[in-house]
Amino acid sequence: MSVVGAFLRRDFLIWSSYRLAVFWQVLGVLLLGGLVYFVGVTLGDGQPIGGRRSASFIAFAFSGIAITDVVMQAMYSVPQAIRENQKAGTLEPMLLTPIGAIALLLSSSAFKFALALGRMLCYFAVGWVLLGFWHDTNPGAVLIVLVPGVAVFAALGSLSAAFVVLVKQGDPVLIAYAAVTAMLSGVFFPIDALPAWVQPLSALVPLTYVLAGARAGLDGAPISQVLASAFLLAALAAVLLPLGVVACNWAVDRAKAEGSLGQY
Amino acid sequence: MNDDLAVETRALTKRFSRRHGWRGLFRGASEKIALDHVDLAIRPGEIFGLLGPNGAGKTTLVKILSTLVLPSGGLALVGGLDVTRHSREVRRRIGMVYGDERTFFWRLSVRENLRFYASLYRLPARGARRRVDELIGLVGLEDAADVPMHHFSTGMKQRAAIARGLVSDPEILFLDEPTRGLDPLAALDLRRFVRERVADGRRAVLVATHMMAEAEELCDRVAFLNQGRVQLIGTIGEIRDALQTEEAHELVVDGVGWHALERLRGVPGVTSVRLERLASGRLFADLRAQRGSRAVPDVIRAIVDAGGDVWSSAPRELSLEEMFAIAVRGRSVDDQPTLGVRDMAAVLVR
């Protein structure tokens, strides 16, 4: 079995050993979906947001939640996995095997990321089948921004993982960054709704480009229309990913020098 | 360097920097020497014991050899490979058994845990399944193979830890305090298991322990480690010869009083006397005397001259535990001054 496959299998077995795991996952999606739906209905959904065809509040929020969930999991799951393994005492035994530190970090986070992808597909399926959204979707346009977007956030997660390896606690910067990102990037509401002086700050947040590009793709925009966002995200990923790898390797070496790898 | 050795260290040194609180950020770090120029050579097939009190540097040494801690100086070779430059290749060749229970995924069964670790060693799926079944049989966990490990006793977890350490069929197996937390019977059982089933005459086994009995029962050779320095290396017999600066003798005496016997401490060569009154009313004396001295016949003569009777007299072999106390603390277990730690360097066996 491949290393990623082994981690996916391990995490699935642990996750499914909790009797209500699936129930809570489904309930979470249903409750949030239901909340968004009824807020949308109350607001008089059907009024287009930003002049786009299917950009009603419900479609806007559904796509925002689903895509944000995926990219945020790409960011959170690596440091979370490290922290959980530190606390469980399983980090050292895994690092005793010939697997490389980076392969271990990414494989450890694969299952949570896969769950987020599953939730995203649920939101899209509900929107597409039950609510009639996104029938003109251009999957290529969605993927061309989503993939580098995920890479950018995975790189940020790797930087945070390096922090966790060294400091043995969750990264407070990451938590603050995630909150600010969610506020500025237009997850639940369009950026236009922000005060005018705040709106330029949105341009500094990578999630803004991921959401704008992916939503355009969901509305059937051609690839050419999202290329600028895709290039920007790819360039950012090209800078941040090597940094993340270097930081993680450095943190592991530093922890080995300090003898603190197994500490929590 | 000898490529035929399983483990070799030359002047291996580890210093840890310690910063204390916020002040440490500005004042610089203090330094603790965990290992101080350690030289070791362990042969393939050998069971080698690393003995020492808590904080002696045993775990640090094991962690350096297993690539989890980087050395500050010197050289550490495992299977002829430098642990800092070829860490991944070294990790392919070693297995580790922790005394710490918290190293498994407790919601998984031992079979699932072992399959997971087999995958990290990139064993092919079919080979991994066969290996895992084999190991579960080897450690006697067939009946509990599919039970979540949070239902396991400490002894079962230790057996599972041994199985995990053997997943990759390593050339060198490290056991770090393998019987920690086990009751005496379970510990005995585990030691016997390691001796009979884990050591196969080809694999080197390095056991870090602070328990003399463990080393005595398991190891072909041992190294005494104290304050980061190797003080003695040799077989148990050689260690015994080098450390046994005292002889122990047990006497059962009648017809003389407690205080009279206490005065035996003044007999030349006697280092300590421990007295105990037996149910029969006789006195039991555990006598320690300098090795090779005439203390024992002089003591018996003194008792007889004082009108007492010696009902029995038998030499007792000092346990390694007692000798260890002498070596580490520089005094006997009765706190009588005997041999200082510095003196131990003079009796290095090899």
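Predicted model: local features only at pLDDT ≥ 70, side-chain atom pairs only at ≥ 80, totals over all residues.
## Nonpolar cores

The largest nonpolar core holds 156 residues. Those with the most contacts inside it are A:Val145, A:Val210, B:Phe174, B:Leu206, B:Val207 and B:Ala223. Helix H6 of chain A, residues 139–167, supplies the largest share of this core, with 18 residues. Another core, of 14 residues, lies apart from it, and B:Leu251, B:Val270, B:Ala289 and B:Val299 are among its members. In soluble globular proteins, nonpolar side chains tend to be buried together.

What does B:Val207 touch, leaving aside residues up to four places away in sequence? The contacts of B:Val207 include B:Ile47, B:Gly49 and B:Leu50, as well as B:Leu175 and B:Pro178. B:Val207 also touches B:Glu214, B:Ala215, B:Leu218 and B:Cys219.

## Strand E7 of chain B

## Neighbouring strands

E7(B) is joined by 5 bridges to strand E6 of chain B, residues 94–98, and the two run parallel. In this pairing, B:Val97 stands opposite B:Leu175.

E7(B) is also joined by 5 bridges to strand E8 of chain B, residues 204–209, again in parallel. Here B:Ile172 stands opposite B:Ala204. Between E7(B) and E8(B) the chain passes through helix H7, residues 184–198, and this β-α-β crossover is right-handed.

Conventions: Residues numbered from 1 in each chain as written. Chains lettered and ligands numbered in written order. Core = buried A, V, L, I, M, F, W, Y, C linked by C-beta atoms within 7 Å. Buried ≥ 20, exposed ≤ 12 C-beta atoms within 10 Å, placed from the backbone. Helix = DSSP H or I, 4+ residues; strand = E, 2+ residues; numbered from the N terminus. Contact = placed C-beta atoms within 7 Å. Pairing = 2+ DSSP bridges. Right-handed = clockwise from strand over helix to strand, strands pointing away.
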